[in-house]
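Hi there,

Here is the structure I promised to pass along.

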Amino acid sequence: MLHAKGSLLTVDVSDRTATRTEIDDVLEQFVGGRAVATALAHDRIPFDADPFGPENRVYLSTGPLQQSQMSFTGRMNMTGLSPLTDGLVSTNAGGYLSREFTGAGLSTFELVGESDEPLLIHVTDDGVEFEEVPELSGALVPEVSEYVAETRDLGPENCIAIGPAGENLVRFASVMTFNSRAFGRGGLGAVLGSKNVKGVTFSGDAEPSVEVPNSPAMDIHREAATSDDIRKRQGTTAGTELKNEKFSLPTRYFSEMSFEEIDSIDGDAVEEKKYKKGSCSACAFACKLPLRDEETGFETEGPEFETLYSFGSNQGVGDLLDIMKANELCDTLGMDTVSAGVTVAAYLASEDEFGNAELAQEITEKIAYRDGIGDLLAEGVDRCHDELGVENWSVKGLEFPAHDGRVIQGQGLSYSVANRGADHMYSVILRLEYAGEIDPKGTLGKAETLIEMEDHSAFRDTGIVCAFGDGYVTDEYLAELFGADYEELLAVGAETVIRERHFNNKRGFDRADDRLPYELPDLDAAIEEYYEARGWNEDGTVPEAAVEPVVTPAD
Ligand code: SF4
């Protein structure tokens, strides 16, 4: 099977050592991206690790397709023990980093330890340099990029960085690349913060030899370039109105399911403010959204659909410029817009202040600095809802995205069992429900489909293919690209889901954590169906015999 090539680079910031290890066996078995990172994390992060302790590890990894010129491949995977969910999370960001990363000769980067000084780490194909950067304490994400440009002549595409939120251990802090692209969900930015690592740069001229078949790669690239898909103009915001019509757009902290001011924040409104094209490396689909408000001159990249919901409908805010400002705050301060927006919405609910965008932005900033009420909110909804006196709209500590599971109920089932918690990208069964390919109502009888979608998504994050590639990189194309049966690809995905679950079981997660804050018909029976189809125990744990140990080299 096609797989990533390149070394594993382990950087221990406690003693400032760097070790390159060849992991060909692991790459052959797990391909790249999320599967490789999860296998390593499962082996090498102690089951009882403190997410903020030096023993936690963060992995950055590519798949084999990142060495091709095919569209939908400008993304990378990040994995680690989450301070928000307390389990393993993987998160995925676009941008231009993947080509710089492979240029440094790597398939996988592993960060462990804890530095006593703020550090930038510079990785090239020649070696690793540790730079103490006390002057960057408190720096915004773009300020880190500016520093790297001035001192190293490197661009934001060479860089991952955290903002003040990561330094202040906000549990949903993101790791940013290219200034505006976020490894968003699960708070791995706070893990970098706990290690006193402000950022890492990657550069070099290495060219690991991965031979991606020209056909179908060129066909996919051509289709991406020539299609008139509305998402090329409106990105993820293209379906905003449809979700609203289907009563699947949570509004005013989940108390309603559609938003009356939708016209001012939907995909058309976003497209009106788009002033140029935006993309990820090698991607002709170019779905990103550089926006400018002509009246004020305010610019930001995004908001994506999830931010229109989290800082828009769910806060009762119907002014796109306000959402753009909140989006920019999250990017520069380094926070996941979904968790931050939902947490701010919880605060607005507690204060009866829906629609107060100025207050929302003020609170967003306070969260990043743990200032006043921001200190409580920086813990996330699961940990602060009691004190606020609002409902707990999270699963396993992860705040809900849009795509309301009360309406698309297979997606609700997905939220309940996902190892990552309430994350719409974990299975994307929502697509079948929106399209009417399966009845959105009901949870029973959906387990097999859900499992296939979870395994597909896990492999997609392993390959790595952008989720927007799904109508273009068909299952048949995927099998051709990787030189394997589609079933074999799903098996790699399944291995990853099992390892995540097993790791989380060892930390105490079981059936009691597969819950929702709302009732769904037959949910308990559907969860049992899911466990049975997965071959798991009735208490939601993975049988020990199902997890083959991966012997990874000692670091
Ligand atoms: S489709 Fe959009 S998000 Fe995906 S790789 Fe292309 S530009 Fe990036």
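This is a predicted model: local features need pLDDT of at least 70, side-chain atom pairs count only at pLDDT 80 or more; totals for chains, interfaces and linings use all residues.

**Overall shape**

Residues are numbered from 1 along each chain as its sequence is written, and side-chain values use heavy atoms, with hydrogens and water left out.

The C-alpha trace spans about 55 × 55 × 50 Å along its principal axes. There are 22 helices and 16 strands (DSSP runs numbered from the N terminus: H or I of at least four residues for helices, E of at least two for strands). Of the 555 residues, 65% are buried (buried is under 20% relative accessible area, exposed over 50%, partly exposed in between, with a 1.4 Å probe and protein chains only).

**Around the ligand**

The shell around the ligand holds eight nonpolar residues, one polar and two charged. Here Ala, Val, Leu, Ile, Met, Phe, Trp, Tyr, Cys and Pro count as nonpolar, Asp, Glu, Lys and Arg as charged, and the others, Gly among them, as polar. Among the residues around the ligand are Cys-280, Cys-283, Ala-286, Cys-287 and Cys-466 (a heavy atom within 4 Å puts a residue near the ligand). Cys-280 is buried at 11% relative accessible area, and Cys-283 is buried at 15%. A search of the whole structure finds zero disulfides, meaning pairs of cysteine sulfur atoms within 2.5 Å.

Ala-286 also deserves a look for its backbone: its phi is positive, about 50°, although it is not a glycine. Ala-286 sits in the loop between helix H10 (267-273) and strand S13 (290-293), and is buried at 7%.

In H20 (residues 475-482), the buried residues include Tyr-477, Leu-478 and Phe-482. The buried residues of H20 pack against helices H7 (214-226), H19 (447-463) and H21 (486-506) (contact means heavy atoms within 4.5 Å). Just after H20, Gly-483 has a positive phi of about 65°.

In the loop between H19 and H20 you will find Ile-464, which is joined to Gly-463 by a cis peptide bond with omega near 0°. Another cis bond links Gly-302 and Pro-303, with omega about 5°.

Best wishes
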